[in-house]
Amino acid sequence: MSEFFFNLVWLLPLFPLAAFAIIVLWTNRNRLLSTWIAWIGIGLAWILGWIILFLSWANFEELTPPVHGHPVPLYSIPTGSLQLTLGFQVDTLTALMLLMVPFVCLMIFIYSKGYMNYGTENVDPRYSRFFAYISLFACGMLGLVVSDNFVTLLVFWEIMGLCSYLLIGFWFDKSYPDPKRITPKEAGLKAFLTTRIGDVIMLAGILLLYSQTGTLTFTQVFSEETLHHLATTYAFPGMPWATLIALLIFGGAVGKSSQFPLHVWLPDAMEGPTPVSALIHAATMVSAGVYLVARSFPIFVAVPGGLQLSVVAFIGAFTALFASTIAVAQNDIKRVLAYSTISQLGYMIAALGVGAYVAAVFHLITHAFFKALLFMGSGSVIHGVEHGHHHVHHGHSDTDHSDGDFDPNDMMNMGGLLKRMPRTGWTFIIGALALTGIFPWAGFWSKDEILAEAWHGFQHGGEFGVTMGWAFFVWLFLTLAAFLTAFYTGRQIFLTFAGQPRTEAAKHAPESVPSMTWPLIILALFATFLGLFGTPWANQFFTLIGEKAEVVGEHLPHGEFNLLIAGVSTAVALAGWFLGWLIYGRKPLTEPVDPLEKPLGPVYTLLKNKYYFDEIYQKFIINPTISLGRVCATFDRRVVDGIVNAVGTFGRWLSSWLRKAIDNPIVDGAVNGVGWITAQAGEFMRATQTGNVQNYILVAAVTVVLLLFLFLIRA
Amino acid sequence: MSIPQVTVSHVVFVILSAIALIGALGVVTTRNLFRAALFLVLSFIGVAGFYILLEAEFLAMVQILVYVGAIAILIIFAIMLSQRLMAPGYKASNEQWLWALVAAVALFAALAFILLNVGWPTAEASVPQGTVAELGKALVDPDQYLLVFEVASVLLLAALVGAVVIARER
Amino acid sequence: MDFILNFWVEFGAWVGGLLSNWGLPDWAVNLIADFLGVLILVVIGIMAVLIFTPMERKVIARMQDRPGPNRVWPYGLLQALADAIKMLTKEDIIPTHADRALHMLAPLIVAIPALLVYAVLPWGPGLIGQDLNIGVLYIVAISTIHVLAIVIAGWGSNNKYSLLGAFRVVNQLLAYEVPMVLCILTVVLFSKTMSTQGIVEAQTIPYFVTMPVVGLIFLICAMAEANRSPVDLIEADSEMVAGYMVEYSGMKFAMFFIAEYVTMFAAAIVISTLFLGGWKFFGLEDLAPVLTPVIVFAKSVFVIFCMLWFRATFPRIRFDQLVGFAWKFLVPLALVNLMLGALVVKLTENIWGQAGLMLLGNVIVIVVTFFILNRAARRMKEAPALKRIVAVER
Amino acid sequence: MQVPLSWYLIVAAALFCIGLYGALSRRNAIGVLMGVELMLNSVNINLLAFWRHIEVATASTPAALSGQVFAIIVITVAAAEAAVGLALIIAVYRNRRTVAIEDVDMMKL
């Protein structure tokens with residue numbers, strides 16, 4: 001039974017892929033049909049995925065990663081003396097991802113129908129293509145989670161990168177009045193290139209891994225002896241292979257999960273359609289980095305107390321805090337969420353850094369649900385405001401998304417939307433509660449578990465030799481981040497939904513269509529109750545991936561409930577909410593200007609400009625690169641071309657001399673002579689051209705006979 | 001070479017070869033093309049007899065079916081279509097027939113010389129039973145002759161289409 | 001008892017024993033035995049004429065509501081003898097400008113294949129001229145020589161009707177051989193052997209029951225091969241005064257005449273062997289092996305009766321339609337059945353399962369065929385008459 | 001007692017030479033075709049003779065059938081060749097009212 005379904009796991013990425021192919025090749029014209037095909041594709045994947053989830057839940061003992069799992073090998077490529085076997089596998093980590101990925105995808109697919117204005121007069125002109133792209137993306141994500149080796153993982157990883165590029169730049173023809181604002185085209189390019197940096201580093205890591213272990217299949221790589229070998233052989237003094245490879249692979253995660261310093265692409269990725277932001281840049285793709293680290297966790301902990309864990313922990317914690325500070329000063333509703341996504345990912349990374357493997361995955365799942373909810377809610381809000389805008393200004397007739405200087409994403413243009421769009425509003429608020437970790441919403445449990453782990457590490461040294469200092473530092477940063485998270489979330493809520501509408505558009509914003517609101521409601525349910533599966537007392541997640549997991553000999557830690565930490569984090573969160581209310585909620589602001597601007601002053605501008613990271617990169621990385629390229633170009637034009645041309649001229653001169661001296665008299669003479677002889681011979685021979693086939697055959701036969709006789713005489 | 005002691009098969013062989021060769025000679029010598037075709041049939045039947053003597057009954061039947069039943073009939077058909085050419089005083093063979101004769105005889109001499117001077121093995125091994133079934137299996141067995149079989153089918157199809165296209169009235 | 005049970009085998013053994021008791025050497029015994037066998041078979045073939053000419057004339061006459069031959073004693077049963085005498089006494093003409101040799105040769109050749117076929121027709125278990133492992137193929141191969149003979153006849157007697165007849169032979173008989181072979185292939189698919197005995201033994205259910213379409217196609221083709229009316233366009237008296245037989249008279253004509261009936265009888269036996277279960281008849285063959293030849297004979301008489309029935313019922317078809325019928329209708333149908341058979345054989349090994357599936361498939365085929373034919377007919381009705389003819393000829 | 005292989009080969013050779021002569025000396029295209037058919041037949045005899053006397057005797061597999069299969073292929077090719085050849089002849093006859101080969105010499109300049 002379970003065997004049967006496990007062996008079908010390769011179907012998971014195949015369903016959306018088929019949908020993609022069908023839509024692109026045939027049904028591109030028919031919008032409704034394309035929609036349904038995409039839905040069916042992901043729906044089948046969802047059903048199969050959850051069947052696999054429950055089956056593997058039923059017998060998780062023999063399916064716990066890293067070294068267990070049900071392999072479904074496909075084929076193997078001979079590489080020199082080794083066989084590079086590729087295939088899929090089912091283990092509980094995969095199963096957990098399958099709890100999240102296909103379901104959220106399905107929700108977002110359904111949502112997209114409304115968001116892309118299906119059936120209205122301003123339906124998106126590239127509607128079908130959008131569904132094709134997201135189907136391909138779903139294929140990538142599912143393939144990533146079910147692949148059993150680094151190669152297929154990388155392949156699907158890159159497929160997702162491609163889809164992200166295509167989807168961010170989906171409205172590639174869009175342009176804004178102010179030149180400084182980034183257009184979707186540029187955003188897509190930026191995202192692609194930035195993640196590419198991480199991918200290259202990761203590829204290097206994978207190649208090193210292959211060269212060291214001779215295999216890339218998870219179960220083999222994470223086996224005792226391989227890890228031991230990696231931990232005890234040294235790349236160069238003081239740096240075991242394990243550490244080096246772990247760091248390189250982490251580079252990939254940094255790129256994909258947009259951790260500091262490669263975080264710059266994610267906020268700009270918000271230029272894409274909101275379902276994409278929800279799907280790729282909140283729920284699934286960005287969490288792929290975390291999944292990667294979780295998946296290759298054994299390598300990270302192969303060397304106890306190694307450099308790599310500290311790096312992971314530091315980057316995670318720092319990103320969490322850093323991003324949340326930026327989020328405070330953003331006015332674009334989606335950018336706020338983007339930065340909060342970055343910081344939440346920071347949470348997960350930091351959790352992995354302190355060895356809280358289970359907590360990280362737990363938070364990954366819950367976060368996927370409520371962040372997708374939040375993004376789709378914001379999308380619904382934007383949608384409503386846009387419609388209101390059209391309604392006010394030029395009726396419903398306008399179809400292009402770039403109209404003048406009015407920005408439907410700007411929270412300053414909103415306000416009082418809770419009355420206008422209640423379903424969206426309430427679900428958004430639920431998501432916000434989950435995000436800020438208010439009891440008993442999902443976020444509370446996962447975030448609290450992370451904090452508890454960190455604290456636990458601070459008190460009696462973390463597992464895998466995470467030093468107390470690091471652990472405390474991590475805990476501190478994360479707690480601060482929690483505070484800020486609550487603050488900017490509250491700010492967002494109050495700015496968007498509370499008070500009075502600040503613009504005509506907001507006044508006339510309609511509630512979105514059911515196909516958009518129903519997914520919100522369903523996700524809200526999950527955001528509320530999912531956490532109950534991970535309560536410290538009955539932690540299904542720990543049962544699934546923690547209990548039986550033996551990472552280099554030792555069991556994974558199980559952070560027990562810590563009332564103090566829970567209290568602290570809850571208090572901090574409530575404080576954040578309160579502050580948000582104090583500033584934005586108490587007296588609803590009337591003119592679109594942030595009250596924080598005056599008191600904070602330069603700090604505010606610093607935050608508003610994201611610490612000038614883009615500018616810094618522009619100045620210190622991109623411009624130098626370009627100028628270096630210019631220098632190379634000049635060198636090329638001057639020196640290299642000069643040499644080439646010199647050679648060329650010499651060759652021309654030589655050849656002309658040769659022609660005069662040798663070619664004309666001798667060679668041509670010979671050629672002509674041959675031609676003349678041939679002509680004469682032809683004149684002579686044509687007598688034999690009787691055109692009568694039988695003569696020819698006769699000649700052939702006679703020849704054969706003669707040759708035969710010759711042969712006989714010889715022998 | 002030593003003449004082996006005579007058995008029925010030897011007698012049959014001699015008779016068959018007589019039939020085949022007489023038929024062949026008739027084919028190339030008769031002026032009347034229609035009769036030549038009939039001689040051809042005779043020769044074919046003789047060859048089929050050889051096949052039976054060689055314990056390849058299936059091929060013998062195919063020989064009769066294809067050559068006698070199809071090819072010979074086709075030839076006769078063609079002869080009937082172009083019958084005017086057998087007006088009296090029509091020369092059957094062209095100017096080079098003498099050369100052709102010389103070449104053919106010389107070739108035969110050479111071949112016969114070679115064949116008689118090679119020590120051929122004489123097989124006493126008996127053909128396994130159920131060769132026909134084996135043959136049928138082998139022809140559609142991917143490991144054996146499936147490809148050949150398919151190629152032959154494609155060839156036949158192409159020939160069919162080609163023949164129709166060429167011979168069709170325009 | 002044993003003697004009764006496998007009577008014919010015992011009988012053969014007894015004859016052999018008798019001969020060898022006379023002190024003949026083995027080879028002589030075999031020779032005589034074989035000779036006797038051949039003789040019996042040939043005589044059976046020839047006797048067919050004596051039996052079936054009166055039968056044909058009587059049956060046709062009854063169907064056309066007239067008495068038919070009733071003078072020659074009794075009920076005109078000996079009509080055949082009278083005919084024979086009449087023919088023997090006729091003058092034997094060889095037209096001038098005819099190719100004498102060929103003209104003489106044709107009647108000799110024409111009878112040979114018809115008689116050769118009898119060598120592989122089973123009359124009962126172990127009761128067969130020669131149980132070739134390629135019996136069916138042998139039948140097909142031999143019957144092609146028939147065509148040759150007729151062509152010779154048509155060409156040899158220098159006459160334009162004869163020549164037309166010869167043309168038609170090539171056209172028609174070659175056309176009808178294709179679906180015939182396809183049908184045989186279908187049968188062989190199920191019986192897994194080409195030996196006639198094997199096919200009979202493989203038929204627990206007569207194949208005509210399991211695959212009626214194939215049986216009918218084969219029947220039609222057999223009638224065309226034996227050029228029986230309505231598909232006797234080779235010698236359509238009304239169009240070309242007996243075609244290739246125009247110039248023949250007397251004994252030579254008699255040869256053709258005999259050959260036709262021998263062929264018909266052979267065809268009937270072949271049909272009863274391939275499709276009606278040969279010498280099997282609901283276990284009767286096990287009770288009384290003596291009767292197996294009778295069973296075969298009865299079945300073939302039935303088949304011949306059906307042929308006569310056809311003849312009395314249907315009018316002659318126009319020639320182009322006849323050939324078109326073979327190429328455009330019978331061949332595709334037979335092909336479909338062949339595919340069907342292959343599918344069924346692959347699907348199940350169980351005989352009854354195969355039978356059921358094949359029957360089902362045949363029913364489906366019949367239904368679909370009728371549907372298609374209806375549409376074609378409607379289209380033709382709508383098309384103007386001239387176009388119709390063109391369409392048929394194309 | 002088998003008929004020795006060489007007998008078959010010699011008869012085949014004779015058949016081949018006769019066919020060759022026919023193909024070379026006939027004026028009528030159909031006659032040429034018949035000669036070719038004769039040659040093909042002789043080839044088949046060789047194939048089967050070798051199959052019977054050598055392949056069957058010295059075969060590793062229980063059923064050694066290359067000879068027969070090859071012969072079948074030759075027969076197939078012969079049939080195809082006859083069909084196309086006769087079609088050509090008929091086409092030529094229709095266009096030029098002749099089937100004499102030496103009249104069909106458009107190749108000659």
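In what order do the elements of chain B run from the N terminus on? They run α-α-α-α-α-α. The legends below describe close-up views of a predicted model.

**View 1. Chain B is built from 6 helices and 0 strands.** Of the 170 residues in chain B, 38% are buried. When contacts between residues at least 6 apart in the sequence of chain B are considered, 48% of them link residues at least 24 apart.

**View 2. Chain B meets chain D through 80 residues of chain B and 67 residues of chain D.** On the side of chain B that touches chain D, two or more residues come from each of α1 (8-29), α2 (33-53), α3 (57-81), α4 (97-117), α5 (131-139) and α6 (146-167) of chain B. Sorted by class, this side of chain B comprises 62 nonpolar, 14 polar and 4 charged residues.

**View 3. Chain B also meets chain C, with 16 residues of chain B in contact with 20 residues of chain C.** The elements of chain B that supply two or more residues to this side are α2 and α3. Helix α3(B) contributes the most, with 12 residues. The side of chain B that touches chain C consists of 14 nonpolar residues, 1 polar residue and 1 charged residue.

**View 4. Chain C contains 18 helices and 0 strands.** Chain C has 394 residues, of which 43% count as buried. Among the contacts in chain C with a separation of 6 or more, 75% are between residues 24 or more positions apart.

**View 5. The largest nonpolar core holds 218 residues.** The members that touch the most other members are A:V361, A:F369, A:A372, A:V474, A:L478 and A:A527. Helix α17 (residues 357-392) of chain A gives the most to this core, namely 19 residues. Beyond its neighbours within four places in sequence, A:V361 contacts A:L93, A:L96, A:A294, A:F541 and A:I545. Another core, of 211 residues, lies apart from this one and includes B:A24, C:V136, C:V200 and C:L219.

**View 6. Helix α29(A) has a buried side and an exposed face turned away from it.** Which residues of α29(A) are buried? They are A:Q694, A:N695, A:L698, A:A701 and A:V705. Seen down the axis of α29(A), these buried residues fall within an arc of 125 degrees, and they therefore line one face of the helix. An α-helix has 3.6 residues a turn, so residues three or four places apart point the same way. The face turned away from the buried side of α29(A) carries the exposed residues A:A700, A:T703, A:L707, A:L710, A:F711 and A:R714. Cover for the buried residues of α29(A) includes α4 of chain B together with α1 (5-25) of chain D.

**View 7. In chain A, pLDDT stays under 50 over residues 395-403.** For these residues of chain A the model has 13 contacts beyond four places in sequence. Where pLDDT is low, the predicted coordinates should not be read in detail. For chain A, the mean pLDDT is 83, and 94% of the residues reach 70 or more.

Notes. Residues numbered from 1 in each chain as written. Chains lettered and ligands numbered in written order. Predicted model: local features only at pLDDT ≥ 70, side-chain atom pairs only at ≥ 80, totals over all residues. Contact = placed C-beta atoms within 7 Å. Helix = DSSP H or I, 4+ residues; strand = E, 2+ residues; numbered from the N terminus. Nonpolar A, V, L, I, M, F, W, Y, C, P; charged D, E, K, R; others polar. Core = buried A, V, L, I, M, F, W, Y, C linked by C-beta atoms within 7 Å. Buried ≥ 20, exposed ≤ 12 C-beta atoms within 10 Å, placed from the backbone. pLDDT = per-residue confidence, 0-100. Arc of directions from axis to C-beta.
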